[in-house]
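Hi there,

Here is the structure I promised to pass along.

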Amino acid sequence: MVRMPRLLTPPPTAALATAVLATILSAAAWAATSGPATAASPAVSAPPVVRPAAAGEALAPERACTLPGGLAELSGLAASRKHPGVFYAVNDSGNTNQVFAVDCAGATGVLRATLTVSGAGNTDWEALAIGKDAAGGPAILVGDIGDNLGARAEITVHGFAEPDRLANATVTPVTHRFAYSDGRHDAESLLADPATGRMYVASKLIGAAGRLYQAPLPPVTGQVNSLTPVRPGPVFATDGAFSPSGASYALRSGGPLGANTASVYDAAGTRLADVALPAQSQGETLTYADCTSLLVGSENDTQLWSVPLPPEATPGCDTTPTPTPTPTPTPTPTPSPGGLKLVDPGPRTCAFNQTCTIQLTATGGKPPVRYTATGLPWGLTLDPATGRITGKPWATGTLRITATATDTTPTTATTTFPLTLNWF
């Protein structure tokens, strides 16, 4: 095995200066983005500039949900293994020793449960992950791993079984203690391999690549476990997570001193892709929403974003299920010669870069019937055999769509309907 070069830990004075610099730049970035929107300083919540994806490039981020009250200093996210659409979240240092279960199925997140971690103080809670408990079931792992001043001789991870039912509760954790084999480091990223349960921590460095450190398997309670470096990580890593398949993992670099980029690696550490993230003043958090997309957030912004991954960054993922067709009203059919009629879908509304489905339906005539349509925006396609329009439109405004059905006689029937495309 090739020996990794040792990373030098700055002395306390340099570390303090680094922490002060990070704080000042963070505040400056927040001030620049939290004031009134101008041409030179857009509001944080404004949608990102998007364009059609090129080959090998991820699609544009989409708004997922906003955080409920009580999560003003978001520092860790982890998607639930037992409750679809739910993620767990924690606040940064100086806040309560609580884990929050949030339902992100709608535009506004709903607090489903508050889990108080008994006997554990929030020294510097910077990360969350879903690992395994002693019985092999999913466990919520709270990473008390932050160390801005490089002053902690050891860090801790508190773990407890993910609840079967979401309700306010006090939980008793199993606490593991860790120390780095090569000196003290600041860190905000805790990962757990879903297959083995092994934990990893990524160090956070300013202006230099960090390291990914591996914990022993299993770690031992009642003693300090050694974290050993296994491969490089990005500059200024602020969070990370394994994909649900376990075949890849992602580490993000966040603002103000990082590049707002998620680097995706396969399980062996080979970099698969770098994915741009929404620009947020202090990008702190990342988890996998599912096998093909990330959920990211910021300590200074309540908006969470869903970030689709390019195909090369999704090893081990199954094919995405076909969306359920959107129900259509039953309007008056358009008469035509020969008994062929094409049902008018009526006014339709879809959102920019979100799944849109419109079903065209013909009655009468001599089958088989073939369908065509004009005026469709880029991103929407029509299946000529079924009359189903599907895709994610890359346009906004109201368009006039003209649809035509043709049977084998051949007889045609035509209808025109408005399609309104909103940003959200």
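Tyr180 is buried, as its relative accessible area is 11%. Please keep in mind throughout that this is a predicted model. Tyr213 is buried as well, with a relative accessible area of 0%.

Ring centres 4.9 Å apart and planes at 75 degrees make Tyr180 and Tyr213 an edge-to-face pair; planes over 60 degrees apart count as edge-to-face. The pair links distant parts of the chain, since Tyr180 sits in strand E10 (residues 174-180) and Tyr213 in strand E13 (residues 209-214), 33 residues apart.

Phe352 and Trp394 make another edge-to-face pair, because their ring centres are 5.2 Å apart and their planes stand at 70 degrees. Phe352 is in the loop between strand E24 (348-351) and E25, while Trp394 is in the loop between strand E29 (388-391) and E30, so this pair ties together parts that are 42 residues apart in sequence. Both rings are worth checking for burial. Phe352 has a relative accessible area of 11% and is buried. Trp394, at 13% relative accessibility, counts as buried too.

There is also a cluster of rings: Tyr200, Phe242, Tyr249 and Tyr265 are linked by ring pairs.

Ala313 is located in the loop between E21 and E22, and its relative accessible area of 0% makes Ala313 buried. Which residues is Ala313 in contact with, leaving aside its neighbours within four places in sequence? They are Ser248, Val264, Leu272 and Ala273.

Now to the cysteines, which I expect you will want to see. A search of the whole structure finds three disulfides. Counting the bonded cysteines along the chain, the pattern is 1-2, 3-4, 5-6. Here they are in turn.

Cys65 and Cys104: The sulfur atoms of this disulfide are 2.1 Å apart. The link is left-handed, with -115 degrees about the S-S bond. Distant parts of the chain are linked here: Cys65 is in strand E1 (residues 62-66), and Cys104 is in the loop between strand E4 (98-103) and strand E5 (110-117), 39 residues apart. Cys65 and Cys104 are both buried.

Cys291 and Cys317: This disulfide has an S to S distance of 2.0 Å. With -85 degrees about the S-S bond, the link of Cys291 and Cys317 is left-handed. Cys291 is in the loop between strand E19 (283-290) and strand E20 (293-298), and Cys317 is in the loop between strand E21 (301-308) and strand E22 (333-334), so the bond ties together parts that are 26 residues apart in sequence. The relative accessibility of Cys291 is 16%, so Cys291 counts as buried; the cut-off for buried is under 20%.

Cys350 and Cys356: Their sulfur atoms lie 2.0 Å apart in a disulfide. This link is right-handed, with 60 degrees about the S-S bond. Cys350 counts as buried because its relative accessibility is 12%, and Cys356 counts as buried because its value is 1%.

Finally, the nonpolar cores. How many residues are in the largest nonpolar core? It has 19 residues, and those that touch the most other members are Leu342, Leu360, Ala362, Tyr371, Ala405 and Leu419. At least two residues of this core come from each of strand E25 (356-359), strand E28 (380-382), strand E30 (397-406) and strand E31 (412-422). E31 supplies the largest share, four residues. Another core, of 18 residues, lies apart from that one, and its members include Val90, Val99, Leu115 and Ile140.

Best wishes

Note on methods:
Residues are numbered from 1 along each chain as its sequence is written. This is a predicted model: local features need pLDDT of at least 70, side-chain atom pairs count only at pLDDT 80 or more; totals for chains, interfaces and linings use all residues. Side-chain values use heavy atoms; hydrogens and water are left out. A nonpolar core is a set of buried Ala, Val, Leu, Ile, Met, Phe, Trp, Tyr and Cys residues joined through side-chain atoms within 4.5 Å. Buried means under 20% relative accessible area, exposed over 50%, partly exposed in between (1.4 Å probe, protein chains only). A disulfide is a pair of cysteine sulfur atoms within 2.5 Å. Rings of Phe, Tyr and Trp (its six-membered ring) pair if their centres lie within 6.5 Å; planes under 30 degrees apart count as stacked, over 60 as edge-to-face and the rest as tilted. Contact means heavy atoms within 4.5 Å.
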